[in-house]
Structures are given as structure tokens and as C-alpha cells.
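These are my notebook entries on one protein chain. I set down what I looked up, in the order in which I looked.

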Amino acid sequence: MTTTTAADRDRGVPPVAELLCAFANTLDVDAGTDDLGDPAALTGWLTARGLVDGDVRASASDLALATAIRSGLRQAMVQHHDRSDAALAGLDEVAARLPLRLGFVGTRPRLVPAVEGGSAGVARLLVAVANAEADGIWARLKVCAASDCAWAFYDTSKNRSRHWCSMGVCGNRQKTRAYRARQRAKD
């Protein structure tokens, strides 16, 4: 499954949004699968996205941090959909265990992990969150309102009001259910 629809790609979904949605979607609620089932799977995921070098191996503690971050990100994405400003205590707690520091590429400042190994790859996801906020796209990262989907997506709508990952699939299914419920209520 993809993180965005073809229409979204045509609209130029930012790479940081693609990364964060892909990470959140390593947990597929609909299929009941988890792409981060063990440290080796996490290593492969981080390596494939250039978040760690090929010789880095994630540990069980890196996996625990990654799944905690994923859970917090998914919660934030639900809150973006609901337009809630409730505290993300779990995400804040795990972020505190992955320190970042200011580094420089030439004269340009940027956040970089202050840890090494697999933890650095996981910490780079926090850098992506900071970059998403700085770029003004953080609040556009959402989770599909369809409870049987819960797929993370980037809201490309002009007014940031999109509810479903795909209007053609989840949106249509939800609207059809609502219509049928109204018809049953009339009977």
C-alpha cells in the first residue's frame, strides 16, 4: 500500500510528509500487520530510507523507541484530524530519550541526532517532525477517519479538511454506510 494517492503525488507531497506517513504506516491497521516486527526489520526500514548507514544494526531498545515514536506520531495525526491540541505526553517522553543537537552543513544550521547507531536513525524521525513543523506541514499529517483503515496521509486539501486517505475508497465507503443507515432509520 502507498502512503499517498496518485493525485497527492501530482500535487507534490513534500518528502518529509512522505517519510513520516511511511513510518506511521509501518503499522497497517486494516491488514493487522507491523512492518517493524523485529530489530532487523527496523534496520532495513531505516537503511532503505537513508536514515542509517548500511553497517548500522538496530537493537531491541531502538525498536522499542521506534514503535513508541510511531504510536505518538499516529496519535498526533489523529489529533490533527480532530483539530485537538491535547498534549502528546507519550511522544514527548520518548523524544526526550533521543537527544538532538544543532549541527552545521556548511553555514546552514540543522538538527542532528546526539546519539549513534540505530538510535540515530530513529532520532532522525524526530528531526523530520521538527522540519515538518518548520515547513508548515506538520498539521497536514493525518490518519484516515475510517476506523477500519487508519492509514496515515498528507492532507492536500486547500482548507486542510480532508477526512479520508482516499475519497474514492474510504470516503465512498463511509458515505455509503451513512446513507444506508439513514435509509434504515426511515423504514
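**Entry 1: contacts and overall layout.** I took a contact to mean heavy atoms within 4.5 Å. I note at the outset that the model is predicted. I looked up the contacts in the chain with a separation of 6 or more, and found that residues 24 or more positions apart account for 53% of them. I then listed the elements: the chain has seven helices and six strands. Read from the N terminus, their order is α-α-β-β-α-α-α-β-β-α-β-β-α.

**Entry 2: burial and surface.** The chain has 187 residues, and I recorded that 43% of these count as buried.

**Entry 3: cysteines.** How many disulfides does a search of the whole structure find? The search returned zero. I recalled that a disulfide is a covalent bond between the sulfur atoms of two cysteines. I therefore checked C165, whose closest cysteine sulfur is in C149, at 3.6 Å. The cut-off for a disulfide is 2.5 Å, so the sulfur atoms of C165 and C149 are too far from each other for a bond. I also looked up burial for two cysteines. C165 has a relative accessible area of 11% and is buried; C144 is buried as well, with a value of 5%.

**Entry 4: helix α2.** Is α2 enclosed or open to the outside? I found eight of its ten residues buried, so the helix is largely enclosed by the rest of the structure. The buried residues are V16, A17, L19, L20, C21, A22, F23 and A24. I then asked which elements the buried residues of α2 pack against. The partners include the helices α3 (39-48), α4 (60-82) and α6. The strands β1 (27-28), β5 (141-143) and β6 (152-154) are also partners.

**Entry 5: the loops on either side of α2.** P14 is in the loop between α1 (6-10) and α2. Leaving out residues up to four places away in sequence, I found that P14 touches I137 and Y154. P14 and D135 are 121 residues apart along the chain, yet 9.4 Å separates their C-alpha atoms. T26 is in the loop between α2 and β1. Its relative accessibility is 1%, and residues under 20% count as buried, so T26 is buried. With residues up to four places away in sequence again left out, T26 touches T33, D34, D35, L36, W45 and R70.

**Entry 6: a histidine in α4.** I looked up H80, which lies in helix α4. H80 counts as buried because its relative accessibility is 14%, under the 20% limit. Apart from its neighbours within four places in sequence, H80 is in contact with W138, A139, L141 and K142.

**Entry 7: the largest pocket.** I noted a volume of about 390 Å³ for the largest pocket. Its lining has 20 residues, and R110, L111, V112, V127 and N131 lie nearest the centre. Which elements each supply at least two residues of the lining? They are α2 (15-24), β3 (100-105), β4 (108-113) and α6 (118-134). β4 gives the largest share, six residues. By kind, the lining divides into 13 nonpolar, two polar and five charged residues.

Key: Residues numbered from 1 in each chain as written. Predicted model: local features only at pLDDT ≥ 70, side-chain atom pairs only at ≥ 80, totals over all residues. Heavy atoms only, no water. Buried < 20%, exposed > 50% of the residue type's maximum accessible area, 1.4 Å probe, protein only. Helix = DSSP H or I, 4+ residues; strand = E, 2+ residues; numbered from the N terminus. 1 Å grid on protein atoms, 1.4 Å probe; cavity = no way out; pocket = protein on both sides within 12 Å on 5 of 7 lines; lining within 4 Å. Points joined across faces, edges and corners; volume = space filled by probe spheres on them. Nonpolar A, V, L, I, M, F, W, Y, C, P; charged D, E, K, R; others polar.
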